[in-house]
Amino acid sequence: MKGQCVDQQVENEEIEISLLLEAIYLKYGYDFRGYARAHIKRRIMHQMALADLSNLSELQHKILYDRGFFYKILPDFSINVTEMFRDPSFYMTLRREVIPILKKYPAIKIWHAGCSTGEEVYSMAILLQEEGVTDNVQIYATDFNEAVLAQAQQGIYPISSIKEYTYNYQRAGGSGSFADYYTSQIDSVKIDASLKKNIVFADHNLVTDGVFGEMNMIICRNVLIYFTRKLQNQVIGLFVDSLCPRGFLGLGSKETIRFCEHAHKFESIAEEEKIYRKLIK
Amino acid sequence: MKTMSYEAVVIGASAGGVEALSKLLPLLHPRLPMPIIVVQHMSTRSDHYLTQYLDRICQLSVKEADEKEIISPGFIYFAPSNYHLLIEMDRTFSLAVDERVSFSRPSIDVLFETAADVYGRSLIGMILTGANSDGSRGIHKIKQYGGLAVVQDPLEAEIDKMPKSAIQSTEVDYILSLDKIGEFLNQFI
Ligand SMILES: C[S@@+](CC[C@H](N)C(=O)[O-])C[C@H]1O[C@@H](n2cnc3c(N)ncnc32)[C@H](O)[C@@H]1O
């Protein structure tokens, strides 16, 4: 391709993607307009190729007129890759620095925003159990992708990932035997029902839904990296409003609130692990 | 050659890459006017050791790319292990934890393809040693968008599969040894 054609093509693709995201928002209410563009573009181009369409306008037409098609490709816009005790040092730090403080409260509310298929939530449940926090604790686990929420609720995971999860668990300071937390089936494991008793799973969209009241701790990991700075500000604003005074916020290892407009409302508890605490004023 | 100006260099390396990069990157002149952006496949549990080490031995500053960071000359950026590295139109980085692409995260293809969108014909793509074919799609797109494709000489590469696969995927502009790649880049200062 000649230089100018390329520039023109890339420019037009940008415009068509903006239009497509606008169309999805107007038609279905899902708002991807503030998602990091390079990423959302890759997903869209991938779907366009899979559907055997030759340009973005055709894809837009199909998305608008074929509801079934939209709901079929929707899950591809959300990346659900996750694991138990992902970044073990994060959980180790929670165990050592945060749980001892939370334990002093009469009741604890924890929100996992963007919980995907639930591995992160059960990791927290294990941690709490091992630290003796079993009563008066409520975990809200939310995601905007209903399919992954249903999986999260089931708590059934492929047996092939257990080796890695066990390794993670041990490095996260696990004090028991990881095998005590699941029962093995043929090629899968089922999370022990006792871990589920304090968890509520719910549909919640961080972009378009509201505050999730008076939380003592919010965990939102590897979700904000998919958002533009502007949307990150908006969502962290939502967290500020959802946290009680001195509430904790835990982000993914490559996410930080340092450059966000709400940064001054938090102190850093463990910068390396991206664990912050809301200031009183 | 010298008349053309380039805005960025993307480099992909896999098996044997740590040695190759330790040889190539220290050769680069501190006043090189374009940023260097690197994907080196690593084991998932590796830490920041590589960038710290390279920063000590290179004349340019070496660091892991942060999400939303503005891409600037004077730096050699590395994709953090376990994250894909993407480039946005406003010349900042994005990170993603999507599935592996060609069995890899970070993936060379993901970096190269997004870089081609942003830099078009002012991009240089380089494929070094490696035992898989990640980067071949990416280097093809870079060429298609008018950029320049450089591949490490398979005869010199510790593992020649990745360079060979890149050469098969597209008509590359230069096949060079690491020393020559260093000289080639330094001519742009
Ligand atoms: C990469 S996963 C992270 C899972 C888990 N927190 C972890 O770190 O392992 C990102 C999750 O964010 C969810 N997500 C993306 N956009 C969202 C939104 N607007 N509202 C709620 N959840 C969202 C996706 O559905 C996906 O499950």
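In this predicted model, chain A is divided into two parts, domain 1 covering residues 2-77 and domain 2 covering residues 88-278. The centres of domain 1 and domain 2 of chain A, taken over C-alpha atoms, are separated by 31 Å. Where these domains meet, 9 residues of domain 1 of chain A are in contact with 10 residues of domain 2 of chain A, and the area buried between them is about 850 Å², of which 62% comes from carbon and sulfur atoms. On the side of domain 1 of chain A, the residues that lose the most area to domain 2 are A:Tyr30, A:Gly34 and A:Tyr35, which together account for 48% of what that side buries. The count of salt bridges across this interface is 0, while 2 residue pairs are in polar contact, both residues being at pLDDT 80 or more.

The interface between the chains involves 26 residues from chain B and 31 residues from chain A, and chain B and chain A bury about 2500 Å² between them, 50% of it on carbon and sulfur atoms. Between chain B and chain A there are 6 salt bridges, including the one formed by A:Arg42 with B:Glu113, in which the closest N and O atoms are 2.9 Å apart. Strand S5 (84-87), strand S6 (93-96) and helix H3 (108-119) of chain B each supply at least two residues of the side that touches chain A, and H3(B) gives the most, with 5 residues. That side of chain B is made up of 10 nonpolar, 4 polar and 12 charged residues.

Methods
Residues numbered from 1 in each chain as written. Chains lettered and ligands numbered in written order. Predicted model: local features only at pLDDT ≥ 70, side-chain atom pairs only at ≥ 80, totals over all residues. Heavy atoms only, no water. Contact = heavy atoms within 4.5 Å. Buried area = accessible area lost by both parts, 1.4 Å probe. Salt bridge = Lys/Arg side-chain N within 4 Å of Asp/Glu carboxyl O. Helix = DSSP H or I, 4+ residues; strand = E, 2+ residues; numbered from the N terminus. Nonpolar A, V, L, I, M, F, W, Y, C, P; charged D, E, K, R; others polar. Domains from an automatic or database assignment. Polar contact = N/O pair within 3.5 Å; in protein donor to acceptor, adjacent residues only side chain to side chain.
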